[in-house]
Amino acid sequence: VTGLRFARLTARGEAAVALFRVRGEATEELLARLFRPRRAGPLRADEVRFGALLDGDSVLDEALVRVRRREDGLEADISVHGSAWVVGRLEALLSEAGGRPLAPHEAWDLGRSSGAAPDDRVTAEARGLLLGAYAALQASFFLHAVEGSLSRELRSLERSLRGEPPAPPAAVHERVATLLRRAPFGRAMAKPPAVLLLGAPNAGKSTLFNALLGESRAIVSEQPGTTRDLVSEAAVFADLPFRLSDSAGIRPSRDPVEQAGVARAKDAAEGADIVLVLIDPEGDLLAQARLAASVPRGIAVVSKADLAGAAAALSSGLVAALRPSAVSARTGEGIPGLRARIVDRSAFGGVAEARQVAPFLERHVAALAACEAALRAGRTNAAAAGELGALEAPEKP
Ligand SMILES: Nc1nc2c(ncn2[C@@H]2O[C@H](COP(=O)(O)OP(=O)(O)OP(=O)(O)O)[C@@H](O)[C@H]2O)c(=O)[nH]1
Ligand SMILES: [Mg+2]
């Protein structure tokens with residue numbers, strides 16, 4: 001018995017249509033209750049029917065329904081208007097009928113013909129991340145993994161460790177080590193590096209945030225203390241994905257809201273992969289240089305390079321020792337160079353080829369590390385193979 005499963009195949013948000021796919025033995029009964037075709041008569045396979053989608057005694061929307069017969073039950077495609085209300089209500093009705101909602105990448109399996117083999121787990125994970133890709137090289141990396149590159153390499157390693165066919169142990173060990181070396185790169189594709197803008201009030205953080213993004217996202221003003229909350233956006237540098245955050249200017253304050261913003265900025269600095277610490281050439285150079293020197297994973301950035309005072313700030317010993325980038329968000333000077341420096345400093349730095357095979361989830365890395373540890377500890381090759389084999393074990397519900 002296959003339970004009712006459904007997926008919204010179209011994206012959330014205002015749209016002309018929303019398309020749902022429903023499958024399972026209860027589909028027929030569900031349609032009898034929810035759908036009233038305008039022209040009476042049974043729904044025949046592969047016929048598109050227009051009618052009313054019912055919500056209890058009232059009509060929720062107009063709908064187009066098409067059914068298909070499969071070995072594992074009836075499948076129905078239901079298209080409705082793509083409004084938040086209709087979509088949310090239809091999701092609720094399907095859930096109330098006992099339906100289990102599927103994630104978009106699981107819906108892919110729902111859509112394939114009954115004979116085809118489903119994705120293995122690693123490939124399904126890649127497909128889920130491909131759907132969320134927003135940078136060109138990120139999409140290309142996950143497409144490569146969807147084509148099976150990582151799961152083939154893992155299976156081939158597992159077979160070699162089991163001696164099918166026998167391979168020199170050193171060669172297998174080296175392949176495992178290569179995948180582990182690429183782990184930071186693969187992880188960064190799945191979880192883009194976090195880049196935080198930090199600095200004194202009015203240093204130009206929000207202006208630089210907007211310039212790096214290429215859009216006017218954060219509010220900018222000559223008033224110090226403008227930014228209170230942490231503002232984060234997806235950013236693309238050199239076709240690679242990043243997550244860029246703007247923060248409240250760091251200063252002692254009595255205002256509880258501002259204090260909360262400063263606390264958030266400091267927390268974010270601890271979690272960030274890269275912190276751009278701004279130095280305002282018109283501000284207190286000593287205090288700002290101290291802050292920049294104290295922040296781990298920091299890059300010092302002298303802002304407002306178009307101002308007359310910038311040259312003096314850059315040549316002051318304290319600031320120069322930090323090897324800062326000089327940028328003007330106003331003229332654009334130094335922005336491309338700063339983007340390149342961010343890419344270089346990130347886990348993407350120095351990697352020439354995006355379509356390489358790399359583990360991209362923590363659990364892949366953990367399994368490879370366990371496999372390597374087993375090889376190192378002289379446990380049997382079968383034990384090492386088992387660590388990789390565990391990657392395809394079904395997910396615990
Ligand atoms: N000349 C010049 N002025 C700039 C530049 N970048 C920012 N400013 C000005 O500096 C002031 C402060 O800019 P913001 O970007 O709001 O500074 P902030 O660091 O976000 O400030 P808070 O949010 O208050 O912490 C504004 O008046 C900006 O126009 C720049 O590159 N050149
Ligand atoms: Mg700001």
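Predicted model: local features only at pLDDT ≥ 70, side-chain atom pairs only at ≥ 80, totals over all residues.
Local features here need pLDDT of at least 70, side-chain atom pairs count only at pLDDT 80 or more, and totals for chains, interfaces and linings use all residues. Residues are numbered from 1 along each chain as its sequence is written, chains are lettered from A and ligands numbered from 1 in the order in which they are written, and side-chain values use heavy atoms, with hydrogens and water left out.

Trainee: How is α4 oriented relative to α5?

Mentor: Helices are DSSP runs (H or I, at least four residues), numbered from the N terminus. The axes, lines fitted to C-alpha atoms over the stretch in contact, come within 8 Å for α4 (residues 121-131) and α5 (residues 136-146) and cross at roughly 155°, on a scale from 0 to 180 degrees between N-to-C directions. Angles over 145 degrees count as roughly antiparallel, so α4 and α5 are roughly antiparallel.

Trainee: Which residues of α16 (residues 381-389) make the contact with α6?

Mentor: Happy to list them! Helix α6 (residues 149-161) packs against α16 at about 160°, with the axes 8 Å apart. Contact means heavy atoms within 4.5 Å. On the α6 side are Leu-154, Leu-157, Glu-158 and Leu-161, and on the α16 side Asn-381, Ala-382, Ala-384, Ala-385, Leu-388 and Gly-389.

Trainee: How far from an oxygen atom of ligand 1 is a backbone N or O atom of Gly-249?

Mentor: Ligand 1 is surrounded by 23 residues (a heavy atom within 4 Å), the closest being Lys-205, Thr-207, Gly-225, Thr-226 and Asp-306. A backbone N or O atom of Asn-202 lies 2.9 Å from a ligand 1 oxygen atom. For Gly-249, the distance is 3.2 Å.

Definitions and conventions
Helix = DSSP H or I, 4+ residues; strand = E, 2+ residues; numbered from the N terminus. Parallel < 35°, antiparallel > 145°, perpendicular 65-115°, else oblique. Polar contact = N/O pair within 3.5 Å; in protein donor to acceptor, adjacent residues only side chain to side chain.
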